Amino acid sequence: ASSFARMFVQVCLYFYCKCLWRCLKFVVRKLTGQCELQRICYNTKPGAARTMKIEASLKGSKSKRLQTSVNVHPDAIEKTIDDIMELKRINPDVNPQLGVSLQACLLQIVGYRNLIAEVEKLRREPYDSENPQHEEMLLKLWKCLKPNSPLKARISKQWCEIGFQGDDPKTDFRGMGLLGLYNLVYFAEWDTEIAQQVLTDSLHPKYSNIWILITFFFLSQLSKAEWEKKKFDKAIGYSFAIVGINITDLAYNLLVSGALKTHFYNVAPEAPTLTHFQQTFCYLMHEFHKFWIDEDPLDIMEFNRVREKFYKRILRQLQNPEMALCPHFAASESLINM
């Protein structure tokens with residue numbers, strides 16, 4: 001009985017709030033002479049804050065035409081804007097900027113949905129060693145990361161040098177399909193210097209830590225004996241390629257959950273693309289590497305703990321509507337300056 005009463009109260013509260021909200025919107029429109037879409041576009045600066053409010057407003061509308069406007073084909077956006085203006089009885093000649101703002105928002109909203117579909121397609125496509133394009137990409141990954149070390153054979157222990165688990169990397173792509181390979185190749189090709197440095201550090205992390213330890217020594221009260229012991233503690237490395245595939249999974253989850261909307265709506269002036277996603281992957285790889293070094297795990301078995309802690313940190317950052325993950329790499333400079 002008590003659970004039924006609680007559910008009844010919740011239902012009543014829901015309908016009360018819904019009706020109250022619609023009444024409030026009606027009153028505000030009468031007072032301002034502007035619909036909700038106009039108020040958002042005129043009072044919120046371009047970026048994630050505006051686009052996410054527009055998206056919520058359209059999805060929450062009582063009009064089916066407005067609800068479905070976030071799912072149209074990119075080629076139909078201009079027609080959709082005309083329909084919205086007509087439905088809301090807004091004169092486009094009197095409000096020319098409104099159409100421009102709505103179009104930019106819809107391009108981002110529809111583009112994000114299409115990006116999820118594109119990424120999902122790559123994730124579901126398995127690596128095929130009989131496919132010449134797949135093999136060409138895999139060999140390109142080696143050449144970018146190890147330009148001075150020729151690969152002696154397609155199936156070779158050398159693959160372990162860049163962080164694969166065995167003689168044939170194709171078995172490691174099962175979880176993320178071609179998406180993992182696409183991301184690793186993009187990182188190695190377009191941010192080569194950083195990718196090679198991260199690879200080197202992942203193999204020999206103790207050398208990355210030595211200056212941190214020296215600084216810590218001078219700022220702390222460690223005895224000479226404690227310093228000598230700490231200096232030779234071996235920092236734990238990781239498998240570069242396997243971690244890259246794992247970070248691909250992390251980026252994929254951020255994308256499909258909608259968490260990356262904040263970042264993409266702030267950095268992509270129109271529709272976010274696969275390149276935006278790959279640039280985000282590069283940023284996450286670089287940041288995870290620094291995070292791993294800072295965490296200084298005892299052994300590789302702590303990987304899941306460190307990954308989860310890193311994932312939560314990125315999620316917290318993306319909760320800020322002003323947030324744009326700031327890629328350090330050259331491939332993103334032109335995008336950020338737009």
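Student: Which residues in helix 3 meet which residues in helix 6?

Tutor: In this predicted model, Arg50, Thr51, Ile54, Glu55 and Leu58 of helix 3 meet Ser101, Leu102, Cys105, Leu106, Gln108 and Ile109 of helix 6. By residue class, this contact of helix 3 with helix 6 divides into six nonpolar, three polar and two charged residues.

Student: Why are helix 3 and helix 6 called roughly perpendicular to each other?

Tutor: The axes of helix 3 (residues 48-59) and helix 6 cross at roughly 85° and come within 9 Å. Angles of 65 to 115 degrees count as roughly perpendicular, and helix 3 and helix 6 are therefore described in that way.

Student: Which residues form the contact of helix 5 with helix 6?

Tutor: From helix 5 come Ile77, Glu78, Thr80, Ile81, Ile84 and Met85, and these meet Leu98, Gly99, Leu102, Gln103, Leu106, Leu107 and Val110 in helix 6. The residues of this contact divide into nine nonpolar, three polar and one charged. The crossing in which helix 5 passes helix 6 is right-handed.

Student: How do you know that asparagine 95 is buried?

Tutor: Asparagine 95, which lies in the loop between helix 5 and helix 6, has a relative accessible area of 14%. Buried means under 20%, so asparagine 95 falls in that class. Leaving aside residues up to four places away in sequence, asparagine 95 touches Gln38, Tyr42, Met85 and Ile90.

Student: What makes the pairing of the side chains of asparagine 95 and tyrosine 42 a polar contact?

Tutor: The distance given for the side chains of asparagine 95 and tyrosine 42 is 2.8 Å, and a polar contact requires a pair of N or O atoms within 3.5 Å, one able to donate a hydrogen and the other to accept it. The pair is accordingly listed as a polar contact.

Student: Why is helix 2 called mostly covered?

Tutor: Six of the eight residues of helix 2 (residues 36-43) are buried, namely Glu36, Leu37, Gln38, Arg39, Ile40 and Cys41.

Student: What makes the phi of arginine 89 worth a remark?

Tutor: Most residues other than glycine have a negative phi. Arginine 89, although it is not a glycine, has a positive phi of about 55°, and this residue is found in the loop between helix 5 and helix 6. Aspartate 296, which is not a glycine either, has a positive phi of about 50° and is found in the loop between helix 14 (274-295) and helix 15 (303-318).

Student: Why does arginine 89 count as exposed, and why is aspartate 296 called partly exposed?

Tutor: Exposed means over 50% relative accessible area, and partly exposed lies between that limit and the 20% limit for buried. Arginine 89, at 76%, therefore counts as exposed, whereas aspartate 296, at 37%, is partly exposed.

Student: How many helices and strands are there in the chain, and what share of its residues is buried?

Tutor: The chain has 16 helices and zero strands, and buried residues make up 44% of its 338 residues.

Technical notes:
Residues numbered from 1 in each chain as written. Predicted model: local features only at pLDDT ≥ 70, side-chain atom pairs only at ≥ 80, totals over all residues. Heavy atoms only, no water. Left-handed = near helix turned anticlockwise from the far one by under 90°. Helix = DSSP H or I, 4+ residues; strand = E, 2+ residues; numbered from the N terminus. Contact = heavy atoms within 4.5 Å. Nonpolar A, V, L, I, M, F, W, Y, C, P; charged D, E, K, R; others polar. Buried < 20%, exposed > 50% of the residue type's maximum accessible area, 1.4 Å probe, protein only. Axes fitted to C-alpha atoms, helices over the stretch in contact; angles between N-to-C directions. Parallel < 35°, antiparallel > 145°, perpendicular 65-115°, else oblique.
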